[in-house]
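Dear colleague,

Please find below the sequence and structure that I am handing over to you.

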Amino acid sequence: MTKNELNETLSSLRREYEEYVSKNLKLDMSRGKPGATQLNLSMSILNEVNADSEMKASDGTDCRNYGLLDGIPEFKALYSELLGVDPQNIIVFGNSSLNVMFDYISQCMTHGAGSTPWLLQGKIKFACPVPGYDRHFSILEYFGIEMINIPMLEDGPDMDLMEEVVKDSSVKGFFCVPKYSNPEGKTFSDDVVRRIAALKPAANDFRILWDNAYSEHDLYDNSDELLNVFEECKKCGSEDMIIEIASTSKISFPGAGVAVLAASSKNIETIKKRMFVQTIGYDKLNQLRHTRYLKNKAGVKVHMQELAAVLRPKFKIVLDTLEEQLGGTGLAEWLKPNGGYFISLDVLDGCAKRAVELCKQAGVILTPAGATFPYGKDPRDRNIRIAPTFPPVEELKIAAALLCLCVKIAGVEKLLSE
Ligand SMILES: Cc1ncc(COP(=O)(O)O)c(C=O)c1O
């Protein structure tokens, strides 16, 4: 477009924008939360344990009482099947996997990951795939752990860079979402998983937090397959490097689900010793009702297919709107994920903050621009995380259209300023 054409376009985009502003919208696309329709599909879980129910776990333990510090056998069996690890290598926790991750890092700081506490080792660093999950970054920032950006390539983190970065012994770990990553919805390729398993970090207490939050969250039949990282690590003798975490938060009820951790026998032993001091046990009644409802991998699949049927139209609305409004404009790029909870949108460099701010002023809240990078600093100010799961379909249509409009305004403003 010529400068004149751009100016005219901007005027008409602004007029369109003012119409949105006058609607006094109040929409939220900021967090990856399930919507009410989706939550309704999990309500039967609550019927699985009531005053008339059998309260015993499969080994006879009364779930109303203390006992089974590391979880009931049937819940371990369920996640053993889902994650492909031995039940003995699983610990069942409370309602939040994020809490398990925070706690694990906290313990490494004060008591080490098998050797000297990280706190006593000077500057500690972590490698972080970018864009990534803001809550991982918050945990690391909270503990003063320096974050190193590892760009996500098509099939996972830039492994050439990772292999270089881990040569520094102050790099103690790597935080990642290997399947349907937050926010891009990418799944690490077999090659990437194998290279991760084969890493030879200089730090002998290097840990990878393998946050498999979206292991079951396929949107379509052609789901992504993630290689079993423990199987690959066994071939390289590196199982101690992996701490895998998952939860039923986006399977049942966020905040009222069940979290698990899977690790090598050595790590499980260490974590259990610490757990013994921390608690007398987690909520076994919740574990019981979840296993009675979900039953096994096949049961989880059926349930997840029901949830996917609610989510698919929401993803479609956003993806179709992006294509209709921004396709071919050169103003943005995005991927169509096969699962997970997010769509990641890259706009023109320097335009993400402006677009998100414009949305906010018109009443649509998005995840803050920059949040998908450590310290909230997107070096190119271009990534926007779209969370299409929470708003009802009608609201989502408006929010997606407004977002596209704001991306156009920010983009045209930038082109005019150049
Ligand atoms: C990658 C990832 N991990 C963990 C969580 C939080 O899980 P939980 O509810 O088990 O703490 C989320 C929530 O959005 C997530 O996206």
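In this predicted model, helix α5 spans residues 134–142, and its buried residues are H136, F137, I139 and L140. When one looks down the axis of α5, these residues fall within an arc of 160 degrees, so they line one face of the helix. This can be read against a general rule: an α-helix has 3.6 residues a turn, so residues three or four places apart point the same way. The cover over the buried residues of α5 includes helix α4 (97–111) together with the strands β3 (125–130), β4 (146–153) and β6 (171–176). Just after α5 comes G144, which takes a positive phi of about 70 degrees.

Helix α8, residues 229–236, may be examined in the same manner. Here V229, F230 and C233 are buried. They cover an arc of only 90 degrees around the axis, which places them on the same side of α8. The partners against which these buried residues pack are α7 (190–197), β7 (207–211) and β8 (242–247). α8 is followed by G237, and the phi of G237 is positive, near 65 degrees.

I turn next to the ligand. There are 13 residues around the ligand, and those that come nearest are S96, S97, L98, S247 and S249.

Finally, the domains. The domain assignment of the protein chain gives domain 1 as 3–30 + 301–417, and domain 2 as 45–296. The C-alpha centres of domain 1 and domain 2 lie 31 Å apart. Across the boundary, 22 residues of domain 1 are in contact with 26 residues of domain 2. Which elements each supply at least two residues of the side of domain 1 that touches domain 2? They are α11 (297–326), β11 (343–347) and β13 (383–386). Of the residues on this side of domain 1, α11 gives the most, with six. The residues of the side of domain 1 that touches domain 2 comprise 13 nonpolar, seven polar and two charged.

With kind regards

Methods
Residues numbered from 1 in each chain as written. Predicted model: local features only at pLDDT ≥ 70, side-chain atom pairs only at ≥ 80, totals over all residues. Near = placed C-beta within 6 Å. Buried ≥ 20, exposed ≤ 12 C-beta atoms within 10 Å, placed from the backbone. Helix = DSSP H or I, 4+ residues; strand = E, 2+ residues; numbered from the N terminus. Arc of directions from axis to C-beta. Contact = placed C-beta atoms within 7 Å. Domains from an automatic or database assignment. Nonpolar A, V, L, I, M, F, W, Y, C, P; charged D, E, K, R; others polar.
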